[in-house]
Amino acid sequence: MGSVSIGARKDLTDRQWVALQRVLPPRPVAGRRPKWTRRQLLDGIRWRVRVGCAVA
């Protein structure tokens with residue numbers, strides 16, 4: 001994945017993402033492709049925690 005704009009959303013930088021990828025478990029080979037990338041999921045979780053968004 002290329003560079004991601006990290007303006008007001010405070011998403012993970014490329015450098016932070018590379019460090020996190022090293023500690024994540026490998027992706028399962030079987031099954032369908034996920035709807036969101038792992039990076040998108042982590043950015044979403046971080047956003048919810050930061051703003052205090054209620055779970056839908």
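Trainee: At what angle do the axes of helix 1 and helix 2 cross?
Mentor: Roughly 105 degrees, and the axes come within 12 Å. Axes are lines fitted to C-alpha atoms over the stretch in contact, with angles from 0 to 180 degrees between N-to-C directions. So helix 1 is roughly perpendicular to helix 2 (65 to 115 degrees counts as that).

Trainee: Which residues make the contact?
Mentor: Asp-14, Trp-17 and Leu-20 come from helix 1, and Arg-38, Arg-39 and Leu-42 from helix 2. Contact means heavy atoms within 4.5 Å.

Trainee: How do those residues divide by type?
Mentor: Three are nonpolar, none polar and three charged. Asp, Glu, Lys and Arg count as charged; Ala, Val, Leu, Ile, Met, Phe, Trp, Tyr, Cys and Pro as nonpolar; the others, Gly among them, as polar.

Trainee: Where did this model come from?
Mentor: This is a predicted model: local features need pLDDT of at least 70, side-chain atom pairs need 80 or more, and totals for chains, interfaces and linings use all residues. Numbering runs from 1 along each chain as its sequence is written, and side-chain values use heavy atoms, leaving out hydrogens and water.

Trainee: How many helices and strands does the chain have?
Mentor: Two helices and zero strands. These are DSSP runs, numbered from the N terminus: helices are H or I, at least four residues, and strands are E, at least two.

Trainee: Back to Arg-39. Buried or exposed?
Mentor: Buried, because its relative accessible area is 4%. The cut-offs are under 20% for buried, over 50% for exposed, and partly exposed in between, using a 1.4 Å probe and protein chains only.

Trainee: What lies 2.9 Å from a polar atom of the Arg-39 side chain?
Mentor: The backbone oxygen of Leu-12.

Trainee: And Asp-43, what does that touch?
Mentor: Asp-11 and Leu-12, not counting residues up to four places away in sequence. Asp-43 is in helix 2 and counts as buried at 8% relative accessibility.

Key: A polar contact is a pair of N or O atoms within 3.5 Å; within protein, one must be able to donate a hydrogen and the other to accept it, and residues adjacent in sequence count only if both atoms are side-chain atoms. Angles under 35 degrees count as roughly parallel, over 145 as roughly antiparallel, 65 to 115 as roughly perpendicular and the rest as oblique.
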